[in-house]
Amino acid sequence: MRRDDRDEPFDDLFREIERMMNDMMNGADVNFESKPGADAGFGADTHVDVHDTDDEIRVIADLPGVEKKNIELECDGKTLTISAQSEHREYDERISLPRRVNEHTANATYNNGVLEVVFEPADQSSGISLE
């Protein structure tokens with residue numbers, strides 16, 4: 001027997017609770033977006049944690065059902081974009097990082113459905129001498 005969305009009357013409520021919790025978490029902005037024509041996005045299946053210490057910024061994301069070869073990562077220093085594709089879905093997730101990172105120092109691992117990306121914080125802005 002195939003379930004449809006009407007069998008899950010609390011999905012909207014849980015999504016709203018998740019949105020409100022994200023809003024309360026130190027202003028962390030985690031956007032869950034799926035590409036057109038996809039089933040549910042990462043938000044339905046994925047949990048993302050961002051840890052900020054003095055030495056590093058660590059992003060941990062659960063990506064159930066995704067193979068390593070189908071994951072693409074991009075970072076502009078402020079936002080990490082995770083694009084992934086499973087057999088049934090395509091996802092794009094943008095995570096606003098708590099502070100600027102040096103994207104060139106990123107180290108990413110993927111093991112048993114868990115993606116971990118570690119960044120070094122970017123050096124502070126340097127002063128510009130005016131001559």
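Two strands count as paired if DSSP finds at least two bridges between them. Helices (H or I, at least four residues) and strands (E, at least two) are DSSP runs, numbered from the N terminus. With those terms in hand, welcome to a predicted model, where local features need pLDDT of at least 70, side-chain atom pairs count only at pLDDT 80 or more, and totals for chains, interfaces and linings use all residues. Residues are numbered from 1 along each chain as its sequence is written, and side-chain values use heavy atoms, with hydrogens and water left out.

**Overall make-up**
- The protein has two helices and eight strands.
- Starting at the N terminus, its elements follow the order α-β-α-β-β-β-β-β-β-β.

**The sheet**
- An open sheet is built from four strands in the order β2-β3-β8-β7, with antiparallel pairing.
- Its edges are β2 (48–52) and β7 (101–111), each of which pairs on one side only.
- From one strand to the next, the twist averages 15° (axes are lines fitted to C-alpha atoms, and angles run from 0 to 180 degrees between N-to-C directions).

**A look at β2 and β3**
- Five bridges join β2 to β3 (residues 57–62) in the antiparallel sense.
- Across from Asp 49 stands Ile 60 in β3.

- Among contacts (heavy atoms within 4.5 Å) with a separation of 6 or more, 47% come from residues 24 or more positions apart.
- The accessible surface (Shrake-Rupley method, 1.4 Å probe) comes to about 9700 Å², and carbon and sulfur atoms hold 45% of that surface.
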